[in-house]
Amino acid sequence: MEKSYETRIVNYALQTCGFYPLRAMQRWLIDTHFNKAKSTMMNAGGLAKLDDSIDLERLAKAATDLLNAYDIFRARLIFHPGTNDLCQRFDGEITPVTVEKISDEEFERRKKFLMEPYRLIDRPLYRFYLFETPTAKYIYIDFYHAIMDGSAITILFWRELDMRYRGKKITRQPLNYADFILDELKISPDELAEGNRFWREMLSDFDETRHLPPPDIKNLQAWHQEHIIVDIENIRSNHFANVDYMENVFFLAASMLTIAKTTDAPNIVMSWLHNGRNTAQERRLMGLMLEQFPISWDFEKDLSVEDFLSGLEAKIQTGMRYRRSLGKIYEEGLEDDCATFIFQKRALGALNEMIFDGKPAALIELPPNEISAAENSLDIELNLGDDDRYFIELDYDASRYSETAMKNFAATFDEMILALQDETRMISEIL
């Protein structure tokens, strides 16, 4: 009978006041970051220029109140004195947000150093800055990814910050991330073992030489991250108004076919990200909830597009049942090298602007630095913009792939999207 990491530490969380285990996804992100600790690969957030009418002092008060309302912002990573396992407490101090009044020249200098690697042990895991220059007002928000994901940032944090600034009453009771951690650990050993077997079987055949696009670059500096953004020409969002499948399933299918086409492999093993929010309670929870699920498909057995999409959706639902067993997969690093598909609708980073107090807040790209790194060999991120057009953003390890190779990958992805719109076509014909 298998025992998870959580089983070894949960008694300390229950018996020793204030200590909580890391959730499996948290632990995986942190372990991945430890390999590249001086990088900003786990920073999630950005810089935006606010409308001149925004009262920064009022915004600072709203931000401080918001940070104090949720335990996730008091999270601190520490080593447990009884087990020496890395765990977390939720009793850190919240430093009030203030407004920095600086010159435009000083702001340009500060921009180069806003996104810095986090020092992880017993330190705050977020940054919130407000700047006022003689010509503009700016907001910078940055969270360590192991405490906040994109949905939490854009759907929960940004909206509540706007509500608090406008003086709207916050009626919902804040949910504690610490309580969710302990509730999530209520899984029987048999259920845990069954899930572990399911995931190991799915990933047993993974081989980066067969399941990743072949590299066209070698011997460059490892972990060098690059990304390209390419518009998708062959579909618009209104396509999904009259079909039986969901966007996420459709675009994951396109990703899998693109991998199959570029690798010439009959079976595909990759990963996809889910926002982890399945219930009303989880959709209100401020913190990291996303999960990275393995997915596989054997294209040697031919079938139609319609059967492929319905079969893929069924396989996704089966995998979701074993969500609580993903910890073993993270712990053993079984999907570390998989290509990963991400579907985001109007997420931070996918748009040119956000809305605050009913006015546009233009996102500002930060200057490139030498402390970025690639989390995965290839992230396939599909985004939907405000004009209802899709675009693909490929984050890739530039020590493996050239920009030309990634543009070719994006073009093949667009071709697969067009092919998948004919549900009568056979997959063998498409490939």
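Contact is taken as heavy atoms within 4.5 Å, and helices (H or I, at least four residues) and strands (E, at least two) are DSSP runs numbered from the N terminus. The model is predicted, so that local features need pLDDT of at least 70 and side-chain atom pairs count only at pLDDT 80 or more, whereas totals for chains, interfaces and linings use all residues. Residues are numbered from 1 along each chain as its sequence is written, and side-chain values use heavy atoms, with hydrogens and water left out.

Helix H7 (residues 189-203) is covered by several elements. Its buried residues (under 20% relative accessible area, with a 1.4 Å probe and protein chains only) are Leu-192, Ala-193, Gly-195, Asn-196, Trp-199, Met-202 and Leu-203. The cover over these residues includes strand E9 (267-274), strand E10 (291-298), helix H11 (305-321) and helix H12 (326-332). The end C-alpha atoms of H7 are 21 Å apart, which agrees with the 21 Å that its 15 residues should span at 1.5 Å a residue; the expected span is 1.5 Å times one less than the number of residues.

Helix H13 (residues 403-420) has 18 residues and reaches 26 Å from its first C-alpha to its last, close to the expected 26 Å. Buried positions in H13 are Met-406, Phe-409, Ala-410, Thr-412, Phe-413, Asp-414, Met-416, Ile-417, Ala-419 and Leu-420. These residues pack against strands E8 (225-236), E14 (378-384) and E15 (389-397), and against helices H9, H11 and H14 (427-430).

Helices H3 (residues 56-69) and H5 (residues 150-165) pack with their axes 9 Å apart, at an angle of about 125°. Axes are lines fitted to C-alpha atoms over the stretch in contact, and angles run from 0 to 180 degrees between N-to-C directions. Arg-58, Leu-59, Ala-62, Ala-63, Asp-65, Leu-66, Leu-67 and Ala-69 of H3 meet Phe-157, Glu-160, Leu-161, Arg-164 and Tyr-165 of H5.

Positive phi values occur at two aspartates. Asp-122, in the loop between helix H4 (104-111) and strand E6 (126-132), has a phi of about 55° although it is not a glycine. For Asp-264, in the loop between helix H9 (247-263) and E9, phi is near 55°. Asp-264 counts as exposed because its relative accessibility is 70%, the cut-off for exposed being over 50%.
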